[in-house]
Structure formats: C-alpha cells, structure tokens
Amino acid sequence: HNVLDRNDSQWGGHYIPDGSLAAVEQLKRSGWLVWVISYAGAKRREAVREQLREAGILRLLEGLFFTQKRLGTRGKVPVVLRLGIQTHVDDNVDICNEVSDAGREAVMICGDNAPPKRRLRSTVAIHPTLCDAVAEIIER
C-alpha cells in the first residue's frame, strides 16, 4: 500500500493523496482489476484498511491482502501468482526484482529518489509516481 500513500509530517504522517484515488479509478474505468497486497504487521493491518476506506480506495478493490514478509514464500509474489496478477506495482527494489524473476511485469514507483539501477532488473519499468505508471499501463 506504500505506493498509494505518502508520509509527510506537514500532513500529520501517512496520508493517501487524491492522485492515488484518481489513479485507481482510472485503472478501473479502463477495465483493470485492482488488488492491494501489503506487507503490514498485525497491528498495522487495521490502520491500513481504514486508511484505504477513508480515501475511497477500498471500495474499488477486488481485494486487500496482507503478507507476513516482503519476500519469499510468505511475501508478495506468491499472492501475485495465486491471483494471476500480470502487472505488479511496488516501491521496493527487491520485491520488483522477485516479481520480474517470477515472470510477471514489475513496475517500480521511485518517487523523487532514483532507484539503485545496479540492483534493479532491466525488465522492471520505473516511474516517479503511481499516476505516471497508471498512464503508461493504460496507454498500452
């Protein structure tokens, strides 16, 4: 879910910007099915669910899944594969690499920081924001 939210002390911590809701709505209008797969501990899960509900995103999702780990057998990739997801968007280099290694399309959101290209697979698309990534995904 970190692709959807921002952490800014001026806004009181984590918040979901309007652009994230617009990006998810754009995907849905274009016929995409949208899931959120989040690595969040038990204490944070309900806060994530409430954050997505308040932002109006939860109602647009096919599902919300939480993983116990970022990587490996208890990470995000097994969920991606089980759901048949073809394109996964994430802000974590290692997760994007693992998704790509599993034969699925990985799209990395890097924000203002350029990802360390020496570690990122050449097959991973890179975008500064979710809105930029969605525009490119829909354009295909």
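Predicted model: local features only at pLDDT ≥ 70, side-chain atom pairs only at ≥ 80, totals over all residues.

**Charged pairs and their setting**

Modeller: Glu46 has a relative accessible area of 47%, and it therefore counts as partly exposed, since that class lies between 20% and 50%. The side chain of Glu46 meets that of Arg49 in a salt bridge, at 3.7 Å from N to O. Both residues belong to helix α2, and because they are three residues apart there, about one helical turn separates them. Arg49 is partly exposed as well, with a relative accessible area of 28%. In general terms, side chains of opposite charge can pair when their charged atoms come close.

This pair is one of nine salt bridges in the structure, and others among the nine reach across the sequence. The side chains of Arg59 and Glu25 meet at 3.8 Å, N to O, in a salt bridge. Arg59 sits in the loop between α2 (42–54) and β4 (63–67), while Glu25 is part of helix α1 (residues 18–29), so this contact ties together parts of the chain that are 34 residues apart in sequence. The two partners fall into separate accessibility classes: Arg59 counts as exposed because its relative accessibility is 62%, whereas Glu25, at 26%, is partly exposed.

A further salt bridge joins Asp94 and Arg119, whose closest N and O atoms are 2.8 Å apart. Here too distant parts of the chain are linked, since Asp94 lies in helix α4 and Arg119 in the loop between β6 and β7, 25 residues away. Asp94 is partly exposed at 33% relative accessibility, and Arg119 is likewise partly exposed, at 37%.

Helix α4 (residues 93–101), which holds Asp94, forms a right-handed β-α-β unit together with β5 and β6. Within that unit, strand β5 (residues 87–90) pairs with strand β6 (residues 105–109) in the parallel sense, over four bridges, and Val89 stands opposite Val107 of β6. The open sheet to which they belong has three strands in the order β5-β6-β7, with parallel pairing. Its edges are β5 and β7 (125–127), each of which pairs on one side only, and the twist from one strand to the next averages 25 degrees. Helix α5 (residues 130–139) lies across β5, β6 and β7, and runs at about 150 degrees to β6.

Once neighbours within four places in sequence are left aside, Gln68 is in contact with Tyr39, Arg45 and Arg74. Of these, Tyr39 is 29 residues from Gln68 in sequence, yet their C-alpha atoms are 6.3 Å apart in space.

Terms used:
Residues numbered from 1 in each chain as written. Heavy atoms only, no water. Pairing = 2+ DSSP bridges. Helix = DSSP H or I, 4+ residues; strand = E, 2+ residues; numbered from the N terminus. Right-handed = clockwise from strand over helix to strand, strands pointing away. Axes fitted to C-alpha atoms, helices over the stretch in contact; angles between N-to-C directions. Contact = heavy atoms within 4.5 Å. Salt bridge = Lys/Arg side-chain N within 4 Å of Asp/Glu carboxyl O. Buried < 20%, exposed > 50% of the residue type's maximum accessible area, 1.4 Å probe, protein only.
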